[in-house]
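Let's walk through this structure together, starting with the whole chain and ending at a single residue. Have the viewer ready.

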Amino acid sequence: MSKHTNGVEDRLARLLNAPGLARVVPHLAPETLHQLIRYRGLDACGEILTSATTAQLTSLLDLDLWRRAPGADDRFDVRRFGDWLEVLVEAGESVAARTVAALDQRVMIAGLSRYLRVFDPGTFEPTAAGDDEAPDRREMMSGDVLECEVGGYVVRARRTDAWDAIVALLVTLDAEYNDDFHTLMRGCRQLSNSTPEIDGLDELLNAPEQHLHDTAIEREERRSRRGYVTATDARAFLHMARQARDAREPIAHNPIVTSYFRDVDDEGEEAASVVTREPDEVSTSIAAIVELLNEAGVQPEPRRALLEAADERPAKGERSHLTRLMAFALEHDETAYLARGREVAFLANALLAGCSVQSRSFTPEEASDAAACICNLGLDCWPEPAGLPDAFLVDHDLVAAFEVGWSVLYRDVSRFAADRLIAMLPDLHDVDAGTRRELHALERTLVKQREAGTPWRARDAADVLATFDTTAWISVLGLLDECPILPTALTAIVEGRTTPVSPTAFEFISTRAQIGNVRLFLRMLPAVLSRP
């Protein structure tokens, strides 16, 4: 850890150990609380969690209990749920019970049902004289399974981590929040015996998975109101944006974008109606915490951040058109400028939630940079871009510019690269039988995924190209990406440089000139791969 990081850690620790922390926490944004947890660790944040409001904790759980996978829906992190319960119980069993009782019961049931099976004691007793002998409770256990009785329910462990904390929590809930305890137990009991139907409907979700699916939908609705883009909406928006169209055609309002901003505006009006002014000392503490986190390089997910937040960092791509037009909007029409900033925040969220780069999820910083660069590409590819008036973004939205740039990336980079590879692979000679089979497999995969409109799913099959030329292989992977990028390796090949390059360094494509370099590289590729 660097001296700089140590200094930030020490100052942040002093600030969070100050006597007035409980007054400050309820005024922090959930995203800032999440930054604190990511930076200091959940174990060190027990007092923060117990000082937060129910609304803050709900949003915080939405951020922290779900893991993003590139191009897929977020997944509930069961182990992280157990970590949360352990930290809350360590802060005090009564405090933990009060906190859990106030939270969304659906989320609590979804998490607890992954740790417990809950039964009524009567499940193990004969129902009437003469009935078949009731099953022995020991016969329903496989191996040494942890089990106890709490509040009239038999609780059996599905997994052993966090068991002690969960039992302590349930005992306290039963004693101090009896109605909430029974709500949780009944919910877990209902999910404890779900088995698939034996009527051929195998594709129906069983009860626990259906419950988790419903929980995920409710989470997406909450996050949508707070300005986030759901993974489903993000993928749908990006798919529609790939469809090629002429920038001169009239632009219909995208229903996903319209719905997003309607929800954000409704939430903003509701928040404004209950806004309260923080005391000066609280405002000072909040500003200090945010400043220290920024010094530590911890960034939240973009939500409604404006464009200049991304411009404060070095960008991985040129944005000359966008910078010029946004500067004019800022000077002459602040309303338009703020609207364009909200649009870039939406676009960054769409990339973060529904797309991948280098077969991994975007970081928040990368998502902001990519959104701005793709908008710039759309402006650069607009008819007569040099003639775009300075007031262009006063009258035009950036979603339309993004759609133009995104369709160009798909058509002229990702799909074009797949077409060139399909055409050239049969002409690669002087290879052994094993390599030839891998080349045939790559060709078949490219044809299949090209027809499906997902050429990036052929990236794994392209590994065979590494046996010919590593730099060329890295370059091809960048072009086939779901969000096509310009690897530094590709630029080195085009410029004839022979110095070592980073295999992971890249720029986001933001100009027509870069598209020209892509085409030049693909013309050079057969010769590069054929070099001895």
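**From the whole chain to one threonine**

The chain's secondary structure comprises 24 helices and nine strands; helices (H or I, at least four residues) and strands (E, at least two) are DSSP runs, numbered from the N terminus. This is a predicted model, in which local features need pLDDT of at least 70 and side-chain atom pairs count only at pLDDT 80 or more, while totals for chains, interfaces and linings use all residues. Residues are numbered from 1 along each chain as its sequence is written, and side-chain values use heavy atoms, with hydrogens and water left out.

Of the chain's 532 residues, 47% are buried (under 20% relative accessible area, with a 1.4 Å probe and protein chains only).

Now find the open sheet of three strands, ordered 3-5-4 with antiparallel pairing; two strands pair if DSSP finds at least two bridges between them. Its edges are strand 3 (116-119) and strand 4 (147-150), each pairing on one side only. Strand 3 and strand 5 (residues 153-157) are joined by four bridges, and Leu-116 has Ala-157 as its bridge partner in strand 5.

Finally, zoom in on Thr-230, in the loop between helix 11 (207-225) and helix 12 (231-242). Is Thr-230 buried or exposed? Thr-230 counts as buried because its relative accessibility is 11%. Leaving aside neighbours within four places in sequence, Thr-230 is in contact with Glu-220, Ser-224 and Ala-353, where contact means heavy atoms within 4.5 Å. Its side chain also reaches the backbone nitrogen of Asp-233 at 3.1 Å.

Definitions and conventions
Buried < 20%, exposed > 50% of the residue type's maximum accessible area, 1.4 Å probe, protein only. Polar contact = N/O pair within 3.5 Å; in protein donor to acceptor, adjacent residues only side chain to side chain.
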